[in-house]
Every structure is written in C-alpha cells, then in structure tokens.
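Visitor: I would like to understand the words used for a structure, not just hear them. Could you set each one against its definition for me?

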Amino acid sequence: MELYFNRPMPHGGRLVERVLKDKKAAKKIVQACEKAGAVYDIKPTLHYKRGTPVRNVYREIMSVCYGFFSPVEGSMTSAELESVLSKRRLLSGWIFPYPILFDISKEDYQKLGVDAGDRLLLRLKGKPFAILDIEEIYEIDPAELADRTFGTPEKNPEVVREKFDDKHPGWVIYRSHQPIILAGKYTIINEPIFKPPFDRFWIPPRKCREIFDERGWRTVIAHQTRNVPHVGHEMLMKAAAFTGDVEPCHGILVNAIIGVKRRGDYPDEAILEAHDMVNKAGYIKPNRHLVSFTLWDMRYGNPLESLLHGIIRQNMGCTHHMFGRDHAAVGEYYDTFATQILWLKGIPSYGFDKPPTEVEGGLQIRPQNMREFWYCPKCKEMAYSESCGHDKEKQKLSGSLIRGLVAEGVQPPAIIMRPEIFKTIVKWWKKFDYPFVNEKYVQYKEETLEVDVPDLD
C-alpha cells in the first residue's frame with residue numbers, strides 16, 4: 001500500500017527570501033551607505049586563544065536570506081537571544097535552537113559610529129554584499145553565551161555528560177564572538193557567485209521544493225552529512241528511505257554542511273563530490289538521490305544541532321529526517337543517543353517536554369531514528385544493528401580506522417568504502433596536499449571562501 005504525506009510548510013509558515021535582484025536599487029543603497037560612512041568589511045571570527053578562523057558570518061547571512069533558517073530574518077535582538085537561550089524559541093514562538101548574531105569588536109563599533117535605525121553596508125572580499133538594517137545594539141559576554149548555548153551537565157542532566165570547553169568546536173565559536181551585537185534584518189543586495197564544485201550543489205529551499213515537484217517526490221528523507229560517505233552511510237540511507245521501488249520515500253536529499261569544520265574532517269569539496277559519486281556510480285538510484293549543501297560553520301551540538309537540521313530540511317521541503325547515533329556530535333559531551341531522545345520523548349531542560357513535532361511552534365518534518373550498520377564477517381556483509389545473530393563477531397565501522405587507512409594512502413576494502421569514493425578523496429588530496437582538514441586548509445578556505453562577489457555593474 002502506498003503511503004502519502006503532505007509536504008510540510010516552511011518553518012514559521014513562509015520561506016524567508018531577502019535577496020534584492022534590482023541592481024539599480026542596489027547601487028542606490030550602496031551610494032547612500034557609503035555617503036553616510038556606514039560600511040563594514042566582514043571579518044572572520046577568530047579563535048579567542050589561537051587566532052585561527054572558526055567562523056565567517058557571511059555563511060549565516062546567506063542561509064538566512066535564502067530561507068534555510070526560516071523564519072529567522074537576521075541578527076537577533078537581545079530579547080530574541082534570551083528567548084532562544086532560555087526556551088529554544090523565537091519571540092514568535094517557533095522553535096529555533098541557536099543564537100544567530102552579527103558581532104563586532106568594541107573598536108570597530110566606535111569607528112563605525114552607527115546606531116539603531118541606521119543601515120549598514122556589509123562588504124565581502126571588498127565588494128558590496130548585503131545590508132543590515134540595525135534595530136538594536138547591545139553587548140554580550142561571549143563566555144556566558146557559549147555556556148548557555150550548549151548547556152551543562154547540571155542544567156541538562158538528561159543528555160549532557162561533560163562540561164563544554166576549548167575542545168568543542170561549537171562552544172569555541174560562541175566563546176570567540178565579539179562583544180558588540182548589531183541586531184536587525186539582513187538583505188543580500190549583490191548575489192555572490194559560487195565557485196566549482198559548489199556551484200553544482202547550491203539548491204536554496206524554494207528551488208529545492210521546485211525540484212521535488214518536478215521529480216514527483218512527495219516524500220523525501222534528508223541525510224545530514226559533514227563527511228564523505230562510507231558504505232555504512234550508504235546503507236543507512238537505503239534502509240531509512242526504503243530506496244528501490246518501495247514507499248514511503250521517493251527521494252533522498254543529501255544536505256552537506258559547508259563551512260569551517262574540526263581538524264580531521266574531510267574537505268568540503270571532497271564531501272560534495274563523494275556523495276555525488278554514490279549516485280553517479282549507481283550505488284543509489286540517481287533518480288532517488290540529490291546532493292546539496294547548507295552554508296553553516298557547524299556547531300557540533302547533537303540534539304540542538306538536530307533541531308537546526310530539521311528546520312533547514314523542512315524548509316527545503318523534506319518530509320522525513322534520519323537521525324543516527326552521535327548525530328552531529330564530537331567527543332563525549334552528549335549521550336550517544338541524545339538526538340533520538342529529543343525526537344522520541346523530548347528533553348525538558350532544553351524546553352521540550354514532548355518531541356519537537358508535538359509542541360507548539362514545533363516542526364512538521366518526521367524523524368526516522370536509526371541505529372547503525374556493522375560489518376559481520378560471518379555473514380560477509382553489512383548488517384544493520386541486531387539484524388543477524390552474530391553479535392560477538394560484528395565489527396564496528398570506525399571512522400577513525402577509515403581515516404587512518406586513508407591517511408596512509410591505503411584504499412579501504414570495498415566492503416567499507418567504495419573505490420570511487422576513495423578516488424574522489426585522492427583527487428582533492430592532490431589539490432590540498434592532505435586528505436583532511438588542517439590549519440592550512442582552514443586558512444585557505446577563509447581566504448578564498450566558497451564564492452566570488454561580482455562587481456555591482
């Protein structure tokens with residue numbers, strides 16, 4: 001029997017689209033801002049101790065203005081920030097897990113001389129990019145912001161196991177924020193042009209929904225990724241989506257998070273092309289598989305990150321979202337199945353006494369909670385969770401083991417990683433001189449970014 005699901009509405013009821021297409025109007029805005037001296041060149045957020053890039057706010061501006069973060073429209077006011085930190089809700093009542101803030105140093109603020117009610121031109125790579133209509137200016141304590149964003153073992157005992165610190169990339173991002181916040185709505189006035197290979201995978205929410213309609217995909221399951229796929233990921237996608245000719249899911253949307261990542265993750269370029277290779281090589285039916293990305297400097301927030309992922313993919317038109325163990329996690333800060341706990345019964349200390357799909361202002365996207373795949377040497381195949389009786393013989397697919405093999409230039413066995421995926425890793429290894437994210441790659445990414453900014457002519 002075929003199951004039908006209504007495509008969920010965008011989170012908050014409508015897609016945010018704050019992109020000005022009129023070049024003549026954009027030029028007038030630029031001239032007015034330049035005349036008023038209200039111009040700011042976007043800077044990377046630097047690690048508060050080491051000085052290395054950990055974030056670039058341009059990615060958040062892009063995700064806000066193209067609707068990925070709907071209904072958020074810009075940098076949060078102090079009241080909105082407090083609501084998000086204390087309730088994980090916007091002032092409108094809609095779920096949102098993270099602060100979205102435009103932060104600058106006290107020195108830059110004094111030089112700018114702007115105030116509430118002013119319009120600020122934001123330049124990227126020295127060229128006009130967006131504007132921020134300032135509604136409020138206030139000050140934060142970055143250390144307090146970082147702690148309150150993620151929680152503590154005392155305040156969130158259901159899922160938080162360790163106090164967050166410098167080893168957690170997301171905590172570091174908020175700890176590294178500058179103290180002055182300019183709150184207000186963003187508008188992109190000069191659309192950046194994506195570089196290869198990013199240009200092939202840029203699918204904003206409205207376009208994504210149109211593609212689903214064109215393909216006849218009524219039911220679509222989202223696969224979150226920050227990694228190249230090994231066979232275990234492939235099996236999870238197939239099992240979660242019932243790929244083949246069985247309902248409920250017509251398609252799989254692979255949505256990669258593109259931005260600054262932790263050392264040891266794979267380069268963004270390799271992640272996108274490797275996932276695309278899964279369907280090019282026919283391991284998943286090409287007509288059931290679509291690769292895309294969202295710009296976001298990942299916070300590794302496990303259950304909180306899963307809420308943002310649900311929002312992004314609901315806005316893109318997905319009906320389902322798969323969640324596995326240690327979803328979007330790093331280290332031992334969270335319970336292994338913290339995300340599944342949230343989506344199955346809620347986490348009261350984060351403001352959810354019920355699952356996110358059952359609370360007011362909640363999400364419509366449906367969770368598909370998954371366990372994991374192992375390699376069973378007895379069955380000589382990938383085995384899902386407890387699907388066979390050889391528990392003692394099962395071998396866990398370790399990402400560390402796979403990365404160790406790759407680092408030595410050893411192609412993992414095909415039962416673990418498809419040879420086409422390894423070749424894709426090697427392609428970008430030759431480009432960057434190392435297969436994984438390191439300081440050199442992070443610096444390269446910040447200097448080049450994923451986009452070029454055209455002249456406003």
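Visitor: What makes Arg418 and Glu234 buried or exposed?

Guide: Buried means under 20% relative accessible area, exposed over 50%, and partly exposed in between, with a 1.4 Å probe and protein chains only. Both Arg418 and Glu234 fall in the buried class. Do keep in mind that this is a predicted model: local features need pLDDT of at least 70, side-chain atom pairs count only at pLDDT 80 or more, and totals for chains, interfaces and linings use all residues. Residues are numbered from 1 along each chain as its sequence is written, and side-chain values use heavy atoms, with hydrogens and water left out.

Visitor: Why is the pair Arg418 and Glu234 called a salt bridge?

Guide: The rule asks for a side-chain nitrogen of Lys or Arg within 4 Å of a carboxyl oxygen of Asp or Glu. For Arg418 and Glu234 the closest N and O atoms are 2.7 Å apart, so the pair meets the rule. Arg418 sits in the loop between α12 (399-407) and α13 (419-432) and Glu234 in helix α8 (residues 231-241), so the bridge ties together parts that are 184 residues apart in sequence. Helices (H or I, at least four residues) and strands (E, at least two) are DSSP runs, numbered from the N terminus.

Visitor: Which strands does the salt bridge of Asp103 and Arg55 tie together?

Guide: Asp103 and Arg55 have their closest N and O atoms 2.8 Å apart. Asp103 belongs to strand β5 (residues 103-104) and Arg55 to strand β3, so this pair links parts 48 residues apart in sequence. Asp103 and Arg55 are buried.

Visitor: How do you know that Asp433 is exposed?

Guide: Its relative accessible area is 53%, and the exposed class begins over 50%. Lys440, at 55%, counts as exposed too. The side chains of Asp433 and Lys440 meet in a salt bridge of 3.4 Å, N to O. By this rule the count comes to 36 salt bridges.

Visitor: What makes α2 mostly covered?

Guide: Nine of its nine residues are buried, among them Tyr58, Arg59 and Ile61. After α2 comes Gly67, whose phi is positive, near 95°.

Visitor: Where do the bounds of domain 1 and domain 2 lie?

Guide: The assignment, which is automatic or from a database, gives domain 1 (23-192) and domain 2 (198-447). Their C-alpha centres lie 27 Å apart. With contact meaning heavy atoms within 4.5 Å, 46 residues of domain 1 and 52 residues of domain 2 take part.

Visitor: What is the area buried between domain 1 and domain 2?

Guide: It is about 4,100 Å², with 61% given by carbon and sulfur atoms. Buried area is the accessible area (1.4 Å probe) that two parts lose on being put together, summed over both. Arg59, Phe68 and Ile95 supply 20% of the area that domain 1 buries against domain 2, more than any other three residues.

Visitor: How many salt bridges cross the interface of domain 1 and domain 2?

Guide: The rule finds three salt bridges there. Elsewhere in the list of pairs, Asp335 and Arg161 meet at 3.0 Å, N to O, a value within the 4 Å limit.
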